[in-house]
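Thanks for coming. I will go through one model today, starting with the overall picture and ending with some backbone details.

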Amino acid sequence: MGDCVLNTLTLSAIDEAYERIHDVVHRTPIIRNHSLAEIANCDLVLKAENLQRTGSFKIRGAFNKTAQVYEAGGSGVVTGSSGNHGAATAWAARYFKLRSHLVVPENAMPEKVEAARHYGADIEFLGTTSQERLERAQAISHNLGLSFVAPFDDPDVMAGQGTIGLEILHQLPEVEFILVPVGGGGLIAGIATAIKGKRPDVRVIGVEPVGAPKAYQSRQQGRRIVLKFTDTIADGLKTSSLGEKTYPIIERLVDDIVQVDDNEIRRAMFLLLSRQKMLAEPSGAATLAYALRKPNRLHHRKTVAVISGGNIDAATLFHLFDSYASTS
Ligand SMILES: Cc1ncc(COP(=O)(O)O)c(C=O)c1O
């Protein structure tokens, strides 16, 4: 397919992102677990981004963006996220000795806020919706001259996330299916651009929770829909809509969107921990949840499930496993 221009995200931007970030972020391992592969009934390989710096893939996009802010002589960065993206942005800013400012929800998980504070971020609490936070972050960007680092709807952020696609092709050239979780769509837009640019035969499948079906419904209705209500344990996938920039890329390049429920996610987290001794957060286990479903569409295929993150506090983990134990 070569270097096609797709709504401002290009394959060469992903190659450049890889050059920019590869000395700093981990090339995370791919892991085969025979017991999980047997349940999944396919040749299953896990791409362990839960072992990534800051505990999730988000450092790839945040670092790619922040590096460019630094190169352009910027003084700092701002974003509106309490979760993995906030921590990753704070980490990248600290690396370049830039200022970072995070707008976080009033009900933010204390552990996640603490991680960002530990990386030196100024923290501001505001409301509970992501829209409020992102609007405030953009106002701060304007007033204080800090550069806004969007969680997903920015080609530089998507390009960083797309470097996972490049790594998968190096680590497992014979891959046939790649399962990717979908929140606002930055991760899957980046990976799909990398994969379809280099190997259009590989199928890229988006996985999202039934309680936040924005990509599924958008595909069904042929337009970017905004959900009025979302409900899922997968906080990173709870976004109410795909981005204006991620949506057209996903529409064009992602082969299919599938959904998993919260019980399937809990089961995947539990099996990953017990069989592979590996901890994923709910958003990170969604792809495995789909692979473990019977039947799935992966029959004997070489399938990579992106385990996108592993950040979860002890109380939430105990609560999830407790409720899983009482239903299984
Ligand atoms: C662990 C994890 N997985 C997946 C996602 C979804 O990423 P995106 O919003 O780029 O689709 C997120 C987003 O916060 C996340 O934290």
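What percentage of the 328 residues of the protein count as buried? The figure is 53%, where buried takes 20 or more other C-beta atoms within 10 Å of a residue's own, exposed takes 12 or fewer, partly exposed lies in between, and C-beta atoms are placed from the backbone. Before going on: this is a predicted model, in which local features need pLDDT of at least 70 and side-chain atom pairs count only at pLDDT 80 or more, while totals for chains, interfaces and linings use all residues. Residues are numbered from 1 along each chain as its sequence is written.

The protein has 13 helices and 12 strands; these are DSSP runs numbered from the N terminus, with helices being H or I of at least four residues and strands E of at least two. The radius of gyration is 18 Å, close to the 20 Å from the globule rule for 328 residues, so the protein is as compact as a globular protein of that length. That radius is taken over C-alpha atoms, and the rule is 2.2 Å times the number of residues to the power 0.38. The C-alpha trace spans about 55 × 50 × 40 Å along its principal axes.

Next, the domains. The assignment gives domain 1 (5-56 + 155-327) and domain 2 (58-148); such bounds come from an automatic or database domain assignment. Their centres, taken over C-alpha atoms, are separated by 23 Å. Domain 1 puts 24 residues into the contact and domain 2 puts in 18 residues, with two residues in contact if their C-beta atoms, placed from the backbone, lie within 7 Å. On the domain 1 side, helix 1 (11-21) and helix 7 (155-171) are the elements that give two or more residues. Helix 7 supplies the largest share, 8 residues. By class, that side has 8 nonpolar, 11 polar and 5 charged residues. Here Ala, Val, Leu, Ile, Met, Phe, Trp, Tyr, Cys and Pro count as nonpolar, Asp, Glu, Lys and Arg as charged, and the others, Gly among them, as polar.

The largest nonpolar core has 98 residues, and Ile178, Leu179 and Val204 touch the most other members. A nonpolar core is a set of buried Ala, Val, Leu, Ile, Met, Phe, Trp, Tyr and Cys residues joined through C-beta atoms within 7 Å. Helix 8 (residues 186-198) gives the largest share of this core, 7 residues. At least three residues of this core come from each of domain 1 and domain 2. Leaving out residues up to four places away in sequence, Leu179 touches residues including Ile205, Val207, Tyr290 and Val304.

Finally, the backbone. The peptide bond from Lys294 to Pro295 is cis, with omega near -10°, and Pro295 sits in the loop between helix 12 and strand 12 (302-307). Asn41, a residue other than glycine, has a positive phi near 60°. Asn41 is partly exposed, with 17 other C-beta atoms within 10 Å. Lys277 has a positive phi near 55°, and is exposed, with 8 C-beta neighbours inside 10 Å.
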